[in-house]
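Please read these comments beside the model.

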Amino acid sequence: MTSIANSIPTIGLGTFGRTGDAGMASILAAFEIGYRHIDTAQSYNTEEPVGEAFRRSGLPREQVFITTKVADTKLDKASFMPSVERSLEALGFDHVDLLLIHWPSQNNAVPFEDYMTELKRAQDLGHTRFIGVSNFPIARLEQTRALLGEGAIVTNQVEIHPYLQAPRLSSYARSIGLPLTAYQPLAQGDVRSDPVLSSIAERHGVTPAAIALAFLMAEGHAVIPASSNAVNLRENMRSVGVRLSDDEMGQIRALNRDERRINPAKSPRWDD
Ligand SMILES: NC(=O)c1ccc[n+]([C@@H]2O[C@H](COP(=O)([O-])OP(=O)(O)OC[C@H]3O[C@@H](n4cnc5c(N)ncnc54)[C@H](OP(=O)(O)O)[C@@H]3O)[C@@H](O)[C@H]2O)c1
């Protein structure tokens with residue numbers, strides 16, 4: 001395999017809640033199956049196991065794409081960079097591939113300019129190859145463009161799945177050429193029993209989950225499904241080879257019902 005592309009690999013492994021022996025086994029299995037993009041965060045307690053699994057995999061560093069996220073409790077100027085340095089130490093890396101702001105600061109408790117300039121500074125210091133954001137609505141993306149310039153960030157990681165397709169945010173992101181990364185792309189596994197996805201899946205000889213992932217990738221998003229099950233990890237990877245017809249895309253678009261699952265008190269005002 002050649003070294004990783006200069007952009008986010010479209011399928012990655014989510015690691016939220018994947019701690020302990022089961023978490024380690026899931027990351028190792030994912031590397032074995034061919035996943036090369038792993039999503040972690042300061043708040044997941046999975047940075048150490050991700051680094052450890054990477055070393056056990058024997059893969060060259062340039063063949064894996066590792067994302068981590070600065071927690072919303074570490075956005076102030078005094079905490080930001082030390083937290084990034086701690087992440088690197090936990091991972092055992094001298095840099096990550098992508099560093100995200102996990103959530104914008106609630107009620108602007110930390111001024112936007114402060115943490116966004118720290119994010120850019122982390123990149124300038126070589127702590128990360130790319131920078132991006134997570135849980136940012138359109139207004140924050142516009143502020144980001146005004147502050148850091150066109151093309152400074154490479155993604156906005158947000159909740160997107162067949163039941164929450166975020167049409168306003170997606171169309172804005174498309175208009176400025178910003179790929180979204182769909183978190184919770186399987187609606188926490190609920191897509192497995194969807195009748196529309198199941199009937200399309202049967203035609204393609206894959207699982208409903210693979211159809212959901214293929215749909216999201218065809219919409220231009222990267223996806224980071226999580227699984228602790230080697231069969232599911234393998235089935236999810238098969239989504240990469242699925243080509244959906246216009247009619248199938250239309251059927252899945254019609255599943256949108258604005259069903260948001262992750263909506264803590266610190267959430268910004270969502271667009272969709
Ligand atoms: N930026 C943020 O604020 C944010 C928020 C939430 C999540 N995330 C990221 O997004 C990742 C994914 O989200 P998530 O883990 O909450 O939800 P998800 O990926 O939508 O769903 C994971 C669930 O789906 C099941 N599953 C996986 N593959 C399946 C298949 N082929 N068939 C049936 N069921 C299947 C898994 O069970 P098994 O283990 O049994 O396979 C697990 O219970 C997280 O791990 C995290 O990295 C980011």
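1. In which loop is the place of histidine 102? Histidine 102 sits in the loop between strand E4 (96-101) and helix H4 (112-124). Helices (H or I, at least four residues) and strands (E, at least two) are DSSP runs, numbered from the N terminus.

2. On the basis of the values: this is a predicted model, in which local features need pLDDT of at least 70 and side-chain atom pairs count only at pLDDT 80 or more, while totals for chains, interfaces and linings use all residues. Residues are numbered from 1 along each chain as its sequence is written, and side-chain values use heavy atoms, with hydrogens and water left out.

3. The UniProt annotation "binding site", from an unreviewed entry, covers His102; UniProt positions are given in the numbering used here, feature names are shortened, and annotations may be inferred rather than shown by experiment. Histidine 102 has a relative accessible area of 9% and is buried (under 20% relative accessible area; exposed is over 50%, partly exposed in between; 1.4 Å probe, protein chains only). Contact means heavy atoms within 4.5 Å.

4. In strand E4, six of six residues are buried. E4 is joined to strand E3 (residues 65-70) by four bridges, in parallel, and threonine 67 stands opposite leucine 98 in E4. Two strands pair if DSSP finds at least two bridges between them. From E3 the chain crosses through helix H3 (residues 77-91) to E4 in a right-handed β-α-β crossover (with the strands pointing away from the viewer, the path from the first strand over the helix to the second runs clockwise).

5. E4 also pairs with strand E5 (residues 128-134), parallel and over five bridges; here valine 96 stands opposite threonine 128. The β-α-β crossover from E4 through H4 to E5 is right-handed. H4 lies across E4 and E5, at about 155 degrees to E5 (axes are lines fitted to C-alpha atoms, for helices over the stretch in contact; angles run from 0 to 180 degrees between N-to-C directions).

6. The open sheet has eight strands in the order E1-E2-E3-E4-E5-E6-E7-E8, with parallel pairing. Strands E1 (13-14) and E8 (222-223) stand at the edges with a single partner strand each, so one side of each lacks a neighbour in the sheet.
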